Amino acid sequence: MKLATCETNGRRLLGAVDRETIIDLETASGGNPAFASMQAMIEAGESALDEARSLMSVAGHRFALSSVRLRAPLPVPAQIRDASVFPRHIVNAPVGAQKLLARLHGRPEPDIKPGPVPQTYAERPVYYVTNRFSVIGPDDEVRWPRYSKVMDFELEFAVVIGKSGRDIPKDRAAEHIFGYTIFNDFSARDMQMIEMQGMLGPAKGKSFDMGNAFGPWIVTSDEIPDPKALRATARVNGETWVDSDTSEMLHGFDDMVAYISHDETLWPGEIIGSGTVGGGCGLEQGRYLEDGDIVELEFEKIGILRNRVVRQ
């Protein structure tokens, strides 16, 4: 089941996508507060999911999907964490960073090759926390931060936590995953290069307003039995920049849930990103976004997330 947050006639609602229509779940249910928002539905648990599935066969309370404005599925997530588990990106990104630094300082690009995956990444799903208030949805514009001259996209997908838990064992992690969505972790690369020399991770390079794009909806976990078997592509102005897949993950989302929840509670509505798929950003290819570029990320079984980048 695909669950979306959308707006129509000045009203924001939670809907279930049924082919080319979207069902207003709150109205169809007679006003069940579990369908007041995506967060409310997540917190309501399996009973709300079961009722939403039953409402798929109810006549009426539908809008044409083309007539509504899709918003970020979770406009203000409880938390956003972003991991890095794809080995090609892990080893290629530092090479791209060194070449970008040379370019920014007017030096020749160094002739360097990717090294092995660092032990830290091989042993655990390393992640950082980003700004949960800087979220946008499908077809929203990304306003390029004024302090940056080098903008990039990242081809990622993410899980949404459905049930709270602490010290969650890996073999029980799936019980805590509500569903999947696409994540474009827009990145101000030149600022990121400066910041990360401080060894505290990205901040202004990632957490600027409108920097975290999610959507176009959340696909419930039962629809994606194997998240390591999805084709993933990225297009810029219709040109395919990336044609990859999710099979290379060093650590699955079950590993991430187990690792993050060590002595730390995960809450419903938190988002955990996969990190960039292999080859899935401009940094790895040595080319970057321009003013007005339209970026489309597509994951098999989930959909297409489209955003336009605009200089301020």
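The chain carries 34 positive and 45 negative side chains, with the centres of the two sets 4 Å apart. Keep in mind as you read that this is a predicted model.

**Overall build**
- Eight helices and 19 strands form the secondary structure of the chain.
- The radius of gyration of the chain is 19 Å, close to the 20 Å from the globule rule for 312 residues, so the chain is as compact as a globular protein of that length.

**Contacts and surface**
- Of the contacts between residues at least 6 apart in sequence, 75% link residues at least 24 apart.
- Buried residues account for 54% of the 312 residues.
- The chain has an accessible surface of about 13,600 Å², and carbon and sulfur atoms contribute 49% of that surface.

**A closer look at Ser244**
- Ser244 sits in strand S16, which covers residues 239-245.
- Ser244 counts as buried because its relative accessibility is 7%, and the cut-off for buried is under 20%.
- The side chain of Ser244 makes a polar contact of 3.2 Å with the side chain of Arg88.
- A polar atom of the Ser244 side chain also lies 3.1 Å from the backbone oxygen of Gly278.
- Leaving aside residues up to four places away in sequence, Ser244 touches Arg88, Arg231, Ala232, Val277 and Gly278.

Technical notes: Residues are numbered from 1 along each chain as its sequence is written. This is a predicted model: local features need pLDDT of at least 70, side-chain atom pairs count only at pLDDT 80 or more; totals for chains, interfaces and linings use all residues. Side-chain values use heavy atoms; hydrogens and water are left out. Helices (H or I, at least four residues) and strands (E, at least two) are DSSP runs, numbered from the N terminus. Buried means under 20% relative accessible area, exposed over 50%, partly exposed in between (1.4 Å probe, protein chains only). A polar contact is a pair of N or O atoms within 3.5 Å; within protein, one must be able to donate a hydrogen and the other to accept it, and residues adjacent in sequence count only if both atoms are side-chain atoms. Contact means heavy atoms within 4.5 Å. The radius of gyration is taken over C-alpha atoms; the globule rule is 2.2 Å times the number of residues to the power 0.38. Accessible areas come from the Shrake-Rupley method with a 1.4 Å probe; for residues, only the protein chains shown count as cover. Lys and Arg count as positive and Asp and Glu as negative; His and the chain ends are not counted. The place of a charge is taken as NZ of Lys, CZ of Arg, CG of Asp or CD of Glu.
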